[in-house]
Amino acid sequence: MERPYAPSTQPWRLLSKPPRGKFLQDDYLVKKMSAEEVQDLVRGKRDVPLVIDCYATWCGPCILMAQELEMLAVECEKNAIIVKVDTDDENEFARDMQVRGLPTLYFVSPDPKKEAIRTEGLIPLQMMRDILDNDM
């Protein structure tokens, strides 16, 4: 019996246009930073946790994570600092931070005695909330 529709026989059809331009706009709360700026933030005096998103522009899960992080930034605008580091632009930083998979998030407590929490891969918004609320 022949199937009326087989993916290999039908031509590809674009359902929507892919996004153009940069994935970070000026009005976004999550800002892209250089490795030096992030290191200054980590070493500096802070009253709130720092979330570092190591991403790449070509990474599909990173784009999805960017949306989740932007929602988190809206919720925690005064209670956390969320920044992004492009691993293609800052490859030495990514190597030093042992970024193996993307996206990789680091949750850095304002308390220097606490260890940073590292996650790899796409994680849900609720998990990020829980880390910020319970572990920082």
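**Exercise 1.** Which elements make a right-handed β-α-β unit?

*Solution.* The model is predicted: local features need pLDDT of at least 70, side-chain atom pairs count only at pLDDT 80 or more, and totals for chains, interfaces and linings use all residues. Residues are numbered from 1 along each chain as its sequence is written, and side-chain values use heavy atoms, without hydrogens and water.

Step 1. Helices (H or I, at least four residues) and strands (E, at least two) are DSSP runs, numbered from the N terminus.
Step 2. The unit consists of strand 2, helix 2 (residues 60–75) and strand 3. Right-handed means that, with the strands pointing away from the viewer, the path from the first strand over the helix to the second runs clockwise.

**Exercise 2.** Determine which face of helix 1 is buried and what covers the buried residues.

*Solution.* Step 1. Buried means under 20% relative accessible area, exposed over 50%, partly exposed in between (1.4 Å probe, protein chains only).
Step 1. In helix 1 (residues 35–43), the buried residues are Ala35, Val38 and Leu41. Seen down the helix axis, they fall within an arc of 120 degrees, so they line one face of helix 1. The arc is taken from the directions from the helix axis to the C-beta atoms.
Step 2. Glu36, Asp40 and Arg43 are exposed, on the face turned away from the buried side.
Step 3. The cover over the buried residues includes strand 2, strand 3 (81–86) and helix 3 (91–96). Of the six residues of strand 3, five are buried, so this strand is largely enclosed by the rest of the structure.

**Exercise 3.** Is aspartate 53 buried or exposed, and which residues does aspartate 53 touch?

*Solution.* Step 1. Aspartate 53 belongs to strand 2.
Step 1. Its relative accessibility is 0%, so aspartate 53 counts as buried.
Step 2. Contact means heavy atoms within 4.5 Å. Not counting residues up to four places away in sequence, aspartate 53 touches Leu69, Val83, Lys84, Val85, Pro103, Thr104 and Leu105.
Step 3. A cis peptide bond, with omega of about -10 degrees, joins leucine 102 to proline 103.

**Exercise 4.** Describe the backbone and exposure of glutamine 98.

*Solution.* Step 1. Glutamine 98 is in the loop between helix 3 and strand 4.
Step 1. Although not a glycine, glutamine 98 has a positive phi of about 55 degrees.
Step 2. With a relative accessible area of 48%, glutamine 98 is partly exposed.
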